[in-house]
Amino acid sequence: MASFKSTKIPIYPKLGEKVTPDTLYWKNYKAPVQIKEFGAVTSIDFSPLAPHNYAVTASTRIHIYGPFSQEPVKTFTRFKDTAYSGKFRSDGQLLLAGCEDSVVRLFDVSGKVALRMFKGHTKGVHVTDFTSDCYHILTGSDDYTCRLWDIPNSTELTSYKEHTDYIRCGTTSKLNRDIFITGSYDHTLRVFDARVEKSVMTMDHSQPVESVLLYPSEGLLVSAGGRYVKVWDLLKGGQPLVSLKNHHKTVTCLSLSSNGQRLLSASLDRHVKIYNTTNYKVVHNFDYAASILSLALAPDDESIVVGMTNGVLSIKHRKSPEGKQEVAGKQRRRPVYRVFVKGRNYVPKNDDFLVSKPVKSNLAKYDKQLKRFNISKALDTALESWQKNRKPEITVAVMKELDRRGTLKNALAGRDEQNLSQLLNFLIGNVVDPRFTPVLVTATEMILDIYQAVVGQSSVVDRQLVRLQELVEREIDYQQELLEVLGMLDTLFAASLPRKEVPCPGSSRPNGLAEGGLGAPVPQLQAA
């Protein structure tokens, strides 16, 4: 007896996003590792030095995580209120953070107690950063002021009060220690020079500014606020270059890849958009479970860390190549030569019997029912799998197999109101799909033949039959309209083709007419 062959499920082409090198690159990250923090994650910053630990600011704490650790390797809790903007210095030895109590604290990464405390702001400090010379810091506060401080003396060097609303973002130049940029809820971006008493450049974002970012060359500035991400040319006096509106809610943070060719933006709409910095088109998209407040990309692009409003920290690591699986210094032991040549020259004899190991096949539930000839239960199981996994191709394949066996009508018959309603619901959802129509139309006709005698006894079934009828009629109307359009297009294409003269054999004229043509007079017969 022949062995049972499982039902072949056809694989249909997926109509989705086009596979590009960017798609392959950004999908090469592992499933995210999630860590629960004590509050909303407002800031993430990577250390510029290997192994690239990162500081996570959430609630009244700052946790420092290793690149692959799920527990913090260091914790700073010396805050009386909510902490903001934990930032590493370029040497990775110092950490700077603001606080809602208006005090700015400077920590040694290897210690616990604050090395310096900068007091002077009157409201919460949301912006902190180190200047390029590593001896000064920038702070921005809700008291509308931004200030420069001297680290060794803990003294204030300069204060600017040109913004008219909260200052919630800012960055310093990595090429010039005197240049820094701030963004405010008054919709403006301002470029300051510490050698001048006022701002040297002002740009209007037209929305409350949530994040700013400088390109490595520092000729371009990116700002995020509202639903917009805007790019400004600083070398042309702050001229706007591009305005991007790809998010549905407020954009909260920005990040740049290590080579500067990809720009990342995160938003309260739970999406991270990745742009090509050449044409600023979206090349990839990440989805998350909650609104995003902070985003950071590791300096070597090996990790993407996202902080959300629900206090969850999501870390995605890049998959390592297969060649790096082996541990350095521990070479894999290879088989000896005799293992490869063992049995190579063996020739089977006439009296030898081949004993093959039976291959165990794991059948699906519907295949097990088909093997037992339980056709109704097989169809029920296929419908259950459609409800759980939303894969209609499985149910259609089972129906096609039952139809091939000639038992589809028996499987559809004898159903109560609930089972019939479930079956009609499946037909309504998939009968107009061109991939499934040939099979489902046959099943629909069988159902109408079987249950036409009980029409009117169940209001639920009657409503579904009416919906099915309307759906089929609408699809027929669409097909007729498409055929009419196709006929029109054929006529237009035929009229647009160049006309060619077809010579007729036996005639000197190309159209086969006589020399006189249609308009030539007919010669009169003369009387004899």
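View 1. Five bridges join β2 to strand β3 (residues 54-58), and the two run antiparallel. Two strands count as paired if DSSP finds at least two bridges between them. Strands (E, at least two residues) and helices (H or I, at least four residues) are DSSP runs, numbered from the N terminus. Phe 46 stands opposite Tyr 54 in β3.

The model is predicted: local features need pLDDT of at least 70, side-chain atom pairs count only at pLDDT 80 or more, and totals for chains, interfaces and linings use all residues. Residues are numbered from 1 along each chain as its sequence is written, and side-chain values use heavy atoms, with hydrogens and water left out.

**View 2. An open sheet of four strands.** The order is β2-β3-β4-β5, with antiparallel pairing. β2 (41-46) and β5 (74-76) stand at the edges with a single partner strand each, so one side of each has no neighbour in the sheet. On average, neighbouring strands of this sheet are turned by 15° against each other, direction ignored. The axes behind this angle are lines fitted to C-alpha atoms, for helices over the stretch in contact; angles run from 0 to 180 degrees between N-to-C directions.

View 3. Strand β22 (residues 251-256) has six of its six residues buried, so it is largely enclosed by the rest of the structure. Buried means under 20% relative accessible area, exposed over 50%, and partly exposed in between (1.4 Å probe, protein chains only). β22 pairs with strand β23 (residues 262-267) over five bridges, in the antiparallel sense. Val 251 stands opposite Ser 267 in β23. Five residues lie between the two strands of the hairpin, and Gly 260 in the turn has a positive phi of about 75°.

**View 4. Asp 142 in its loop.** The loop between β11 (136-141) and β12 (146-150) holds Asp 142. Asp 142 is buried, with a relative accessible area of 6%. Its side chain makes a polar contact of 3.0 Å with the side chain of Arg 168. A polar contact is a pair of N or O atoms within 3.5 Å; within protein, one must be able to donate a hydrogen and the other to accept it, and residues adjacent in sequence count only if both atoms are side-chain atoms. Leaving out residues up to four places away in sequence, Asp 142 touches Lys 123, Gly 124, His 126, Tyr 166, Ile 167 and Arg 168. Contact means heavy atoms within 4.5 Å.
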